[in-house]
Amino acid sequence: RADEKADGNLEIPHANYDDAAVTFYKVAKSSQFPSQAFIAYYHILEFHFLRVADESLFNAVCTQLNNPDFRSTYENVTRLLAAIKRNDNTSSEKEMLLSVLRKYVAEEEFIEFIVDTEKTAGENIFTKFKQPIFGEKFSFSLDKGHALSSASSIIKHIRNALVHSSDRYSREDCFLPLSESEDLVVRYIPIVKFLAERVIFATAKRDL
């Protein structure tokens with residue numbers, strides 16, 4: 001952020017951060033290209049997709065199997081299979097992203113970050129109604145229970161626009177490197193950076 005101070009005393013944090021996450025973070029911070037920085041921050045979130053999905057599925061299965069009344073009857077096995085299907089979101093990257101955010105990011109803190117960022121900018125750079133973003137329109141809700149969901153939809157859409165050079169949209173709606181579309185990516189980098197940092201902090205091991 002532009003208002004970050006470069007001076008002051010820096011201390012080595014009393015925590016052990018995930019090596020892979022730190023590597024992606026270094027790439028994001030050192031990149032001269034907004035698109036590369038955005039993807040590197042997104043990789044930090046993506047790195048935890050399967051881990052969080054497996055944990056959710058494990059807990060759902062354990063809830064069924066650890067019930068003293070569980071017997072291998074048709075009804076119980078059917079209920080177990082339903083729980084597995086209900087909690088297995090590995091077929092949807094959007095759902096896996098949202099699961100990671102809900103597990104590691106405090107929504108109240110995220111909403112406060114958005115409000116403060118827009119206040120500093122002097123305009124609703126994120127929460128304008130139905131903003132056009134690479135061929136689709138999105139509305140950013142700051143209501144509790146919806147803020148992280150809104151962010152995940154937008155972040156996933158931008159990630160897809162950066163990774164896939166599809167002709168699905170007109171040339172004006174597609175992402176083109178070294179063009180004005182870079183400005184749109186720059187606008188949302190603070191959001192994906194904030195979320196990536198919270199995931200890094202939440203998954204670190206405290207060094208006491």
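Is phenylalanine 110 buried or exposed, and what is its relative accessible area? Select Phe110 and have a look: phenylalanine 110 is buried, with a relative accessible area of 0%. Here buried means under 20% relative accessible area, exposed means over 50%, and partly exposed lies in between (1.4 Å probe, protein chains only).

Before moving on, please keep in mind that this is a predicted model, in which local features need pLDDT of at least 70 and side-chain atom pairs count only at pLDDT 80 or more, while totals for chains, interfaces and linings use all residues. Residues are numbered from 1 along each chain as its sequence is written, and side-chain values use heavy atoms, with hydrogens and water left out.

**Stop 1: the whole chain**

Zoom out and colour by secondary structure. The protein chain has eight helices and four strands, running β-α-α-α-α-α-α-β-β-α-α-β from the N terminus on. These elements are DSSP runs numbered from the N terminus (helices: H or I, at least four residues; strands: E, at least two). Of the 208 residues of the protein chain, 38% count as buried. Take contact to mean heavy atoms within 4.5 Å. Among contacts between residues at least 6 apart in sequence, 70% join residues at least 24 apart.

**Stop 2: helices α1 and α2**

Now select residues 19-30, helix α1, and residues 34-46, helix α2: the two pack at an angle of about 165 degrees, with their axes 8 Å apart. That makes α1 roughly antiparallel to α2. On this scale, angles under 35 degrees count as roughly parallel, over 145 as roughly antiparallel, 65 to 115 as roughly perpendicular and the rest as oblique. The axes are lines fitted to C-alpha atoms, for helices over the stretch in contact, and angles run from 0 to 180 degrees between N-to-C directions.

The crossing of α1 and α2 is left-handed; that is, the near helix is turned anticlockwise from the far one by less than a right angle, whereas clockwise would be right-handed. Show side chains for the contact: Ala21, Phe24, Tyr25, Val27, Ala28 and Lys29 come from α1, and Gln36, Ala37, Ala40, Tyr41, His43 and Ile44 from α2.

**Stop 3: the tyrosine pair**

Stay here and pick Tyr25 and Tyr41. Their ring centres are 5.7 Å apart and their planes lie at 65 degrees, so the pair is edge-to-face. Rings of Phe, Tyr and Trp (its six-membered ring) pair if their centres lie within 6.5 Å; planes under 30 degrees apart count as stacked, over 60 as edge-to-face and the rest as tilted. Because tyrosine 25 lies in helix α1 and tyrosine 41 in helix α2, the pair ties together parts that are 16 residues apart in sequence. Tyrosine 25 is partly exposed at 22% relative accessibility, whereas tyrosine 41 is buried at 3%.

**Stop 4: back to Phe110**

**Stop 5: helices α6 and α8**

α6 passes α8 in a right-handed crossing. The contact is made by Glu109, Phe110, Phe113 and Ile114 of α6 and Pro190, Ile191, Phe194, Leu195 and Arg198 of α8.
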